[in-house]
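Please open the structure in your viewer and keep the selection tool at hand, as this tour moves from one selection to the next.

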Amino acid sequence: SENSETPQQVLALYKFISPVIPESSLGPLKEDLQSFCLACQVRGTLILAGEGINGTICYPLPGENETDVVVKKLQSKFPGLRTRFSKSDSCIFARLRIKIKKEIVTLGDADIDPTRIAGTYVKPGLEWDNLLKDPNCLVIDTRNDYEVRLGTFENAVNPETQNFQDFPEWLTKKSTAASSKKIAMFCTGGIRCEKATSMVKKLYPEKPIFHLDGGILAYLDTVRQDQSTFHGECYVFDQRVAVGHGLSPSKEFLTCYACRQPLSQKDRQDPTLQKDYHADIAKVIQLRHNE
């Protein structure tokens, strides 16, 4: 469609709300957003739940003096919406999906409520970098292992989880959180850390718990590469696959059409991946990255 090659505004967003949205209101809210987004040529994914909204979308870039009606609409529904903007030369999603789920980011613990208890926000830059260098601070990358492989912060611990629901078990059974004097966490855009820090604050109420405000995306958007403690690229859940400093789309990674794993240029030259059967791609990559 003509929208595909039009310069796009990319919007990553989330908001936890209290009191929760009644279940009976979620259907009408979805229908309202669906018709509005289709009229505005919005593509991407929005997740709705009683606890709020989460998603990444793209839509034709508004003109310089033009009101961004998409943001205005979402902010009217979710005051205090947390947003991160970037740009793309073309559309980064194939279609629009709006889903109703139990949680806007799935941890599997209904008692976790970031609107009541969560960590302290730390701004990207020197304040965050100082935590990375602090020997008394355990810094945890709360993302999945395939995301961490593409890039992470200096001195950060990789829990090697396959999905976010694995995180609580890692934290309580395998991490050094109990013996750490303070804990700092980060993720792509901040939403996973809202829940992760809330959980840790409940477990260790006496410890200082921090999380990177706006996540890796905010850091890459504000800190110059020559001053950065983030090495590599940040995996994103769209056709860009990953972004670098300044949120520029990756030139290194593509997604495997069979297993959805991010493949580097080196991965794509591997003769094992040239076969018709891609079932073991993830294992092949994992083995090579562990060499």
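Begin by selecting Leu247, which counts as buried because its relative accessibility is 4%, below the 20% under which a residue is called buried. The model you are looking at is a predicted one. Leu247 is found in the loop between β13 (242-243) and β14, and it has a positive phi of about 60 degrees although it is not a glycine. Most residues other than glycine have a negative phi, and most peptide bonds are trans.

Glu160 lies in the loop between β8 and α5 (167-173), and at 56% relative accessibility it counts as exposed.

For a further backbone feature, select Ser18 and Pro19, which are joined by a cis peptide bond with omega at about 0 degrees. Pro19 belongs to the loop between β1 (8-16) and α1 (23-39).

Now move to strand β14 (residues 254-255), where Thr255 lies. With a relative accessible area of 19%, Thr255 is buried. If you display what surrounds this residue, leaving aside neighbours within four places in sequence, you will find Thr255 in contact with Val241, Arg260 and Gln261. A distance drawn between the C-alpha atoms of Thr255 and Ala242, which are 13 residues apart along the chain, comes to 9.7 Å.

Select strand β2 (residues 43-49) next; 6 of its 7 residues are buried, so the strand is largely enclosed by the rest of the structure. It runs antiparallel to strand β3 (residues 52-60), to which 7 bridges join it, and the hairpin from β2 to β3 passes through 2 residues. To see one of these bridges, select Thr45 together with its partner in β3, Thr56. Strand β2 is also joined by 5 bridges to strand β5 (residues 96-100), and here the two run parallel; the bridge partner of Ile47 in β5 is Lys99.

The aromatic rings come next, and a search of the whole structure finds 10 aromatic pairs. Which geometry do the rings of Trp128 and Phe153 adopt? Their centres are 5.7 Å apart and their planes stand at 65 degrees, so the pair is edge-to-face. Because Trp128 lies in helix α3 (residues 126-133) and Phe153 in strand β8 (residues 151-153), the pair ties together parts that are 25 residues apart in sequence. Both Trp128 and Phe153 are buried.

A stacked pair is formed by Phe164 and Phe167, with 6.0 Å from centre to centre and 25 degrees between the planes. Phe164 counts as buried at 6% relative accessibility, and Phe167 counts as buried at 0%.

Select Lys73 and Phe36, where the charged end of Lys73 sits over the ring of Phe36 at 5.3 Å from its centre, and then Arg82 and Tyr121, where Arg82 lies over the face of Tyr121 at 4.5 Å from the ring centre.

Terms used. Residues are numbered from 1 along each chain as its sequence is written. This is a predicted model: local features need pLDDT of at least 70, side-chain atom pairs count only at pLDDT 80 or more; totals for chains, interfaces and linings use all residues. Side-chain values use heavy atoms; hydrogens and water are left out. Rings of Phe, Tyr and Trp (its six-membered ring) pair if their centres lie within 6.5 Å; planes under 30 degrees apart count as stacked, over 60 as edge-to-face and the rest as tilted. Helices (H or I, at least four residues) and strands (E, at least two) are DSSP runs, numbered from the N terminus. Buried means under 20% relative accessible area, exposed over 50%, partly exposed in between (1.4 Å probe, protein chains only). A charge sits over a ring if NZ of Lys or CZ of Arg is within 6 Å of the ring centre and within 35 degrees of the ring normal. Contact means heavy atoms within 4.5 Å. Two strands pair if DSSP finds at least two bridges between them.
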